[in-house]
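Try each task before reading its solution.

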Amino acid sequence: MKLLTHNMLTSKFMKGVTQGFPLGIMASEVKEVEVDYNPEFISRMIPKLEWNAVYQAAESVGKLDGLPKEIPANMETDETFLKKAHHVLMEVEVISGNLICPETGRKFPINNGIPNMLLNEEGV
């Protein structure tokens, strides 16, 4: 699971959960996979993301690698920032571990890079 994907997941669909975001990450295996750098894509995605959650996710998997806590005002032209954001969002992958609901503590397993967020009927 790429950290870009993580930023779009929530457990809000569960009974009794009002926000369900950001999900915590307990990673048991993380790998880095090289992906072609596309600064236009990254600069268009960043405004759509919850940056604090990106930062927390990178920190929780030990891959901050100099990522700033806040988005620079000139981020569209800041090549260093865009490359760091690209690395964290596109190249860092959680292979196995758990996503954790911030409100209930429920764990959702990640296996082979795929988060399983299915619930049985009473959980919805």
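## Exercise 1: An aromatic pair

Trp51 and Phe81 are both buried. Keep in mind throughout that this model is predicted.

**Task.** Work out how the rings of Trp51 and Phe81 are arranged, and which parts of the chain they link.

**Solution.** 
- Step 1: A pair of aromatic rings is described by the distance of the centres and the angle of the planes.
- Step 2: For Trp51 and Phe81, the centres are 5.4 Å apart and the planes make an angle of 55°.
- Step 3: Planes under 30 degrees apart count as stacked and those over 60 as edge-to-face, so an angle of 55° makes this pair tilted.
- Step 4: Now place the two residues. Trp51 belongs to helix H3 and Phe81 to helix H4, 30 residues apart, and the pair thus links distant parts of the chain.
- Step 5: The structure has two aromatic pairs by this rule.

## Exercise 2: The overall fold

**Task.** Describe the order of helices and strands, then decide how the protein compares with a globular protein of its length.

**Solution.** 
- Step 1: Count the elements: there are four helices and four strands.
- Step 2: Along the sequence they follow the pattern α-β-α-α-α-β-β-β.
- Step 3: For its extent, the C-alpha trace spans about 50 × 25 × 20 Å along the principal axes.
- Step 4: Of the 124 residues, 42% are buried.
- Step 5: Among contacts with a separation of 6 or more, 67% are between residues 24 or more positions apart.

## Exercise 3: Salt bridges

**Task.** Locate the three salt bridges and say where their partners sit in the chain.

**Solution.** 
- Step 1: Start with Lys2 and Glu93, whose side chains meet at 2.8 Å, N to O. Lys2 is in the segment before H1 and Glu93 in strand E2, 91 residues apart.
- Step 2: Lys2 has a relative accessibility of 23%, so it counts as partly exposed, while Glu93, at 16%, counts as buried.
- Step 3: Go on to Lys63 and Glu32, which meet at 2.6 Å, N to O. Lys63 lies in the loop between H3 and H4, and Glu32 in strand E1, 31 residues apart.
- Step 4: Finish with Glu40 and Arg44, whose closest N and O atoms are 3.2 Å apart. These residues are four apart in helix H2, so about one helical turn separates them.
- Step 5: Glu40 is partly exposed at 47%, and Arg44 is exposed at 54%.

## Exercise 4: Strands and hairpins

**Task.** Trace how strands E2, E3 and E4 pair, and sort the residues of E3 by face.

**Solution.** 
- Step 1: E2 and E3 run antiparallel and are joined by four bridges, with Gly97 opposite Ile110 in E3.
- Step 2: These two strands form a hairpin with six residues between them, and Gly105 in the turn has a positive phi of about 80°.
- Step 3: E3 and E4 also run antiparallel, joined by two bridges; Asn111 has Ile114 in E4 as its bridge partner.
- Step 4: This second hairpin has two residues between its strands, and Asn112 in the turn has a positive phi of about 55°.
- Step 5: In a regular strand the side chains alternate between the two faces of the sheet. In E3, Phe108 and Ile110 are on the covered face, and Lys107, Pro109 and Asn111 on the uncovered one.

Notes
Residues numbered from 1 in each chain as written. Predicted model: local features only at pLDDT ≥ 70, side-chain atom pairs only at ≥ 80, totals over all residues. Heavy atoms only, no water. Salt bridge = Lys/Arg side-chain N within 4 Å of Asp/Glu carboxyl O. Buried < 20%, exposed > 50% of the residue type's maximum accessible area, 1.4 Å probe, protein only. Phe/Tyr/Trp six-rings, centres within 6.5 Å; stacked < 30°, edge-to-face > 60°. Pairing = 2+ DSSP bridges. Contact = heavy atoms within 4.5 Å.
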